[in-house]
Amino acid sequence: MTHKKNCYFLYGEDIVAVNTRQKEILKNYFTQGNPEITVFESDGTYEAYKNRLESQSLFSENIAVIINNPFFLKKKSQSEKEEKEFLSFLNVLSKLNDDMLVIIAQEGKIDKRIKNFKLLMNICNVIECAMLKSSAGIEKMVEKFQKNGKTLSYDAREYLEEVLSSWSEISESLLTTECDKILLMADKSKVIDRKLLEEALPDYMNQVIFRYADQLFSKNIAAILQNTDHVFYDTSSEIKNIGFISSQLRKIKIIKEMQREGKSSSEISNKLKIKSQWQMKRLMQTSRKLKENEVEELILDLFEYQYEQRHGQTERTIKDVFLKFCRKSKGGNL
């Protein structure tokens, strides 16, 4: 089988990128007129998929079918009947007319050993939307600035590294948005200085998430009740800000372990690869607010919460997770 130009499979942990690429593919494929779009969520069936793929639209010449988090990628086929149904579905995909576009999207990691995944790769154009490591994020931003004829001043580069190193992972789509904003703000200037970056990236620093994290680690229940909805206001902000808090917790866990082993502050900062004295001092102050078991429990609860969210298995919110942490700790403050 050859890859169909009108069949795409997107997957990865960068959920923002998955959704963004969907929109880009739709826009680029249907250059004239909007298609009639049908969206299937994880509760779809092979019969429903095939019925839609084999049908015609009464209202539009073009049709787009989006299948989000399909059930057939969560586990391997359980019977010979299921396997035949999947192969029949693939056969329909392989014979799509050009007036129909299919996008299959899986949010989160995927088990590449699953046979269904391997078979899909034979037909679909596969795009992985993975989160970037902070070091890769820095280089991508610098590269984009250079392509647009801009350079970073020394202190601007230092500031950018300080900001992005606070995150264990970064959404490439969000990074692109930030780059575009900075380029717009830089206008005709050839050099991007620290002052511009401080204006462009305030929410990454102490004005929002840093202050919120301080309130969380201080177990300030009143602040969590009041501010959570303003900090975690949509999917992208939740991904970014949970990523930051989880990263801080993992670093604090390492600090606790190395302090227990009698390691020096310089050894700890080298282990964490933190060059900024400001950042290290702040992290050490935060670590003193928390017990090691509290850190471990919150890391685990955040992981479980995100897993449940990706699989639609929870009704609790991120506010519930943080309030549970504050109330369970005896130091919770009203």
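Let me start with Phe232, which at 8% relative accessibility counts as buried in this predicted model, because the cut-off for that word is under 20% relative accessible area.

Tyr212 and Phe232 form an aromatic pair of the edge-to-face kind, with 5.4 Å from centre to centre and 70° between the planes. Where do the two residues of this pair lie? Tyr212 sits in helix α9, residues 209–217, while Phe232 is found in the loop between α10 (221–231) and α11 (235–260), so the pair ties together parts of the chain that are 20 residues apart in sequence.

Stepping back for a moment, the structure holds 19 aromatic pairs, and another one of them is the pair of Phe72 and Phe89, which is tilted, with 5.5 Å centre to centre and 50° between the planes. Here Phe72 belongs to the loop between β3 (63–68) and α3 (80–94), whereas Phe89 belongs to helix α3 itself, and the pair therefore ties together parts that are 17 residues apart in sequence.

Are these two residues buried or exposed? Phe72 counts as buried at 2% relative accessibility, and Phe89 is buried too, its relative accessible area being 0%.

Finally, I would ask you to look at the surroundings of that second pair.

Key. Residues numbered from 1 in each chain as written. Predicted model: local features only at pLDDT ≥ 70, side-chain atom pairs only at ≥ 80, totals over all residues. Heavy atoms only, no water. Phe/Tyr/Trp six-rings, centres within 6.5 Å; stacked < 30°, edge-to-face > 60°. Helix = DSSP H or I, 4+ residues; strand = E, 2+ residues; numbered from the N terminus. Buried < 20%, exposed > 50% of the residue type's maximum accessible area, 1.4 Å probe, protein only.
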